[in-house]
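Colleague: I would like a close look at a single part of this model. Please keep it brisk.

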Amino acid sequence: MLFNSFEFLIFLPIVLIGFYLTTHKYRWLWLLAASYVFYMFHTPELILLLLISTVVDYVCALQIVKVSKTHKKNYAILSVLINLGMLGFFKYFSFFTTSVQEIFMFFGLNISPNETRGSYNFNQVLLPVGISFYTFQTISYTIDVYRGKIQPEKHFGYFALYVSFFPQLVAGPIERAARLLPQLKQKVLVNIEAIKQGLIMIAWGLFLKVVVADRLGLYVDAAFGDPELNHGLPLYIAAFFFAFQIYYDFSAYTAIAIGAAKTMGVDLMQNFNRPYFSTTVGQFWTRWHISLMEWLKDYVFIPMGGSKGSPVNITRNILVLFFIVGLWHGANWTFVVWGLLNALLLIVEYVTNPFRKKLFLALKLPQKVIDLLGWSALVVCLSIPLVFFRSPSIADALGYFKNMGTIDTLHINILGSYFELGLCFMLIIMVQTIHYVKGNDAIYELVTKPSRTVRWSIYLAYMVVVVLGAIHSQNSFIYFQF
Amino acid sequence: MGVLISFYLAMVYALSQGYVDDYYKKFTQPAGSLIIGLSTASEGLVPDMIEKDLKSFDFEGPMVNFALDGTQSRFGNVYFEGIKKKLKQTTTKKQLFILSVSPGSFAAQKYSSDEDINKMDKNSILGKVTDFTSNPNYNYIINTYGLPLYNALHSEDQWNHQTTHDNGWNETQWVIQGDTIAESDMKYWKWLTLRYFNKTVKDQVVSKYRKNSFIELLNFLKAKGTVMLVRLPADKEVLSIENNFWPAFDAYIEGISKTYQVPYFNYTYKPHGFKTYDGLHLESESAKKVTKILTTDLKDHLLNLNNPKNYTP
């Protein structure tokens, strides 16, 4: 079920009313049922994988605390293997087989599927929505139990709810059990203020998605869809727009997730912290998709040694980390290249840090100027790897860069509407200003603090803007595909 | 919430009174007879001319041009179901169906299973809409209109050379109120058409699924009235790409014509005098010319004067 769909508009109030009408003892059951209905809405059979992950990790965690020290590790490894196995098969198997085919083709051997021979094509394997999120969430649970950080959850219902809680099931945030489970178990009384804040967050997310992100997406799709035709300046604009489209699209989803959870008394973790106001690449990656980066830091980067040790080891750790970041986002070499380019940016930033410090000191540049330079460089540096992220193949991405270099016209109005183009820029400035002032998660203060007249004017203006300005053609959230 | 929904529906209604898109008017009436096919038929066949010229045969009206384009209305289950929902319920067996065929109508992505093709087709307008006959058609606009609804507040800037008629015909006029489409524009659009065709054709194959669906459709329509097949003219470069994609296409359709006893009029052999504005789509006067030739041929066929023939000017 999509957050920006008519079905969700009906679903959420029903779940909310049912939640508060149900006694605390059975609320977990109501929410669990709702979460499964949410997940099964379009493809019911995919629930099997969610159930497998749930049962495996529930059992493994319980066993970890029961068995001897030597066997604890086996259960932790079993949980990781099964979850990563499911993820590997459903998300990466066709990528793997296609890559193998391409290697064989390079050496002149054609082993690609033939339509008339009827050989099985692994591209037909369905990618279950949310699998990258819930498998990581359950792996973190088992490892935390293994490490002794938390005790295993004995109530299967609450554990199943932790795995499948619908606001964060399909696109995060990737919650830790220590944070989410206690909230799911606590008794929640009707809190009008929390419900109001949650609804405002949902409304903000909807605005970000259908008015802003999807609008930017029209220009981006037109440019990336035919870079040869739209060469030159439009491609620069599209790359710039895409950097914001993906941010607004993902933070819209997160806002709706956080808002929906808030209406039920659950505080999900923040997933973005004004990332585009970062002044260094390192800072950016502590503010973007925070739950994923924290997960990778705790379960991959630090166990490998993190940022301790020799420069060679640190470089290796950063490359491995961002290789995984890239691959997590999608089964395509473009995502891997995107990840590795970001790693390269981090490494270059790290290596040149002493030099840059000396330079700024010598030039006696004020901190604000340094920050502005850093911010400008960051926006440019982040947009370049994102071309790989957005392109369907490396060849397409390289073709995009090549066509960027062909500036033989000033025609940038590739959608045929200067009004829409201007609106895109205005909306970016507006949203960034709001994010700068409030951040994504305190948007409701902009609405709840003013007087009643102002508040109702805002509600009315919101209604007019969303109804008249929404783009309906884009539909699904970008991060649903991960 | 009620206010929001009412405002939204009011805007949808306001939009429906102006220009929505090139296809909307194909979904605003039940049809007695249909023109079926891709965008070449959407622009190349004039329903009211057919109705007028064949009035004496008393076919069920109204005739609606229900041809969309290459991404929306290739032969398949989705288009078939749409046609079923589009038709008036009648038992007269006097409905007329003009099926415009081309290799593109049978094309699908390589390595796609029947299920894949059906799934892709369901993402089209025909897959998203469930109401094919209401006016205004809220279902159509709510499910398919992708642009902002503020377009309802000003007359949408449809290209002034193009008119979408109430019977579904998309008319493109070369000359309108003294404004002529520039030759350079038409040359550029033709270049775009050929570029698109050359690029697309590499990843497409002739689909068994689409061929099977075409036969199913043919049998369904034959039970309801008169069916005829037509291949519309286009520029030679476009026809060359189509014929290279499926060299046996004409032979296949001729075989279908004989087996199912439906006439096939192939107007691609000598397209002299027909003008396209982009290599593929007929401009208004040429569309009327072709439609006139078609109705003449169809009249002949129906009166049993001649056997179905290839057109020669």
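Which are the buried residues of α13(A)?

Modeller: First, the ground rules. This is a predicted model, so local features need pLDDT of at least 70, side-chain atom pairs count only at pLDDT 80 or more, and totals for chains, interfaces and linings use all residues. Residues are numbered from 1 along each chain as its sequence is written, while chains are lettered from A and ligands numbered from 1 in the order in which they are written.

Now the helix. α13 of chain A covers residues 311-329, 19 residues in total. Helices here are DSSP runs (H or I, at least four residues), numbered from the N terminus. From first C-alpha to last, α13(A) reaches 27 Å. That is close to the 27 Å expected at 1.5 Å a residue (1.5 Å times one less than the number of residues).

Its buried residues are Asn317(A), Ile318(A), Leu321(A), Phe322(A), Val325(A), Gly326(A), Trp328(A) and His329(A). Buried means 20 or more other C-beta atoms within 10 Å of a residue's own, with C-beta atoms placed from the backbone. Seen down the axis of α13(A), these residues fall within an arc of 165°, so they line one face of the helix. The arc is that of the directions from the helix axis to the C-beta atoms.

What covers that face? The cover of the buried residues includes α5 (131-146), α12 (290-304) and α14 (333-363) of chain A.

Next, the domains. The assignment, automatic or from a database, gives chain A domain 1 (6-113 + 121-186) and domain 2 (194-481). The contact (C-beta atoms within 7 Å) takes 23 residues from domain 1 of chain A and 22 residues from domain 2 of chain A. Among the elements giving two or more residues to the domain 1 side is α5 of chain A.

Technical notes:
A residue is buried if 20 or more other C-beta atoms lie within 10 Å of its own, exposed if 12 or fewer, and partly exposed in between; C-beta atoms are placed from the backbone. Two residues are in contact if their C-beta atoms, placed from the backbone, lie within 7 Å.
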